[in-house]
Structures are given as C-alpha cells and as structure tokens.
Amino acid sequence: MIKKYLFSVLVIVFSFVFVNGVQAAEPTTYKAAILMVNFPDNLTHIWSMQTAGNTLTEIGNFHNENSYGNVIIEGGVADVYGVYTISRTCDASGITAQARDAAMLAGVDLSSYDILIPVGSFDCNWKGVYVPGAVAAIPNKQVIAHEMAHLFGLSSHANFLNCGLVPLA
C-alpha cells in the first residue's frame, strides 16, 4: 500500500512539474539515421527500409509528444541506410564506428546527423545501449525509443526504482 501511495505521489509531482512550465524556449531538434547492419555469420535482414523509416518517424512522434514539444527528431525512410556487414561485437561504440565507416565507404554523408542508430541482430547481454551520439539496438521500436531518451538526458532510472514483481501500470 505504501509503495502504491509513494508511486502515485511521484507521478503527480512529475506530472505537475512537466505540465506546468518545463517548456523550453525553443525545442531541440535532432536529425537521426538508422544504419542497418548484419554480420558475416548472419546475413539476415531484419527490417525493410520502409519499416525502419516508419519506425524512426514513430519514435520521433513519441518523443515529441512526451516532451511536450521540446524534442523534435527528424528522420524517416530517406534516413535509413544499409545493410552493412560489420564484425560481430557487443561494444556499442565499436558497432557505431563500424556502421558509420561502412556507410561512409558506401558514399553516405552522415555529417548532418546528430544521432546514429545501428540496428541489427546483436547477440549481446543487452537489447539496446546508448553512447554519446548513438544508440545501438535490436530492431525494436520501444528499445530504440527508450535508449534515445537517455541521449536526451533521462538518467538510468531503472537503477533507482525497485518495482518488485508486480508491474506498475
């Protein structure tokens, strides 16, 4: 009972803070690109270019709505590149560097992008991870949106809240 009460209080406090005045003078705009990757031992294509682009648009809409217009993510089907074959690794910085280098070698100019999103069938102990300027993730809209929120300044929230075995809705 106390946990539910405390959670309710936190929700009310955070709702009040975000609804009542945490509006940036100007929204922050990020340009994002998805870099589709696979590996020499697994050449499976997970998403079509259209699906990846639509996903990027949906993630942008989600962050714009949930930030009360403070975050704008530009990106769509025209901002999906690949599929690039890279060496298998679970290091997000290494994945990003390999994907970026492969795209540039293929003639893609990535200089206008703020966020690179390598997407592939990573066989790692994570579903998604963020590093400065990038999110490496499996092809899952919720995972990518979650990791992008860390790039926008949300902390590692899960380390601070023990919800027990019962999901909070």
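1. Start with the spot where helix α2 meets helix α4: Thr-55, Glu-58, Ile-59, Phe-62 and His-63 in α2 touch Lys-141, Ile-144, Ala-145, Met-148 and Ala-149 in α4. Contact here means heavy atoms within 4.5 Å, and helices are DSSP runs (H or I, at least four residues), numbered from the N terminus. The residues of this contact split into 6 nonpolar, 2 polar and 2 charged. (Nonpolar covers Ala, Val, Leu, Ile, Met, Phe, Trp, Tyr, Cys and Pro; charged covers Asp, Glu, Lys and Arg; the others, Gly among them, are polar.)

2. Keep in mind that this is a predicted model, where local features need pLDDT of at least 70, side-chain atom pairs need 80 or more, and totals for chains, interfaces and linings use all residues. Residues are numbered from 1 along each chain as its sequence is written, and side-chain values use heavy atoms, with hydrogens and water left out.

3. How do the axes of α2 (residues 49-66) and α4 (residues 141-151) cross? They come within 10 Å and cross at roughly 50°; the axes are lines fitted to C-alpha atoms over the stretch in contact, with angles from 0 to 180 degrees between N-to-C directions. That makes α2 oblique to α4 (under 35 degrees is roughly parallel, over 145 roughly antiparallel, 65 to 115 roughly perpendicular, and the rest oblique).

4. A cis peptide bond joins Gly-82 and Val-83, with omega about 20°. Tyr-68 has a positive phi of about 55° although it is not a glycine. For background, most residues other than glycine have a negative phi, and most peptide bonds are trans.

Key. Helices (H or I, at least four residues) and strands (E, at least two) are DSSP runs, numbered from the N terminus.
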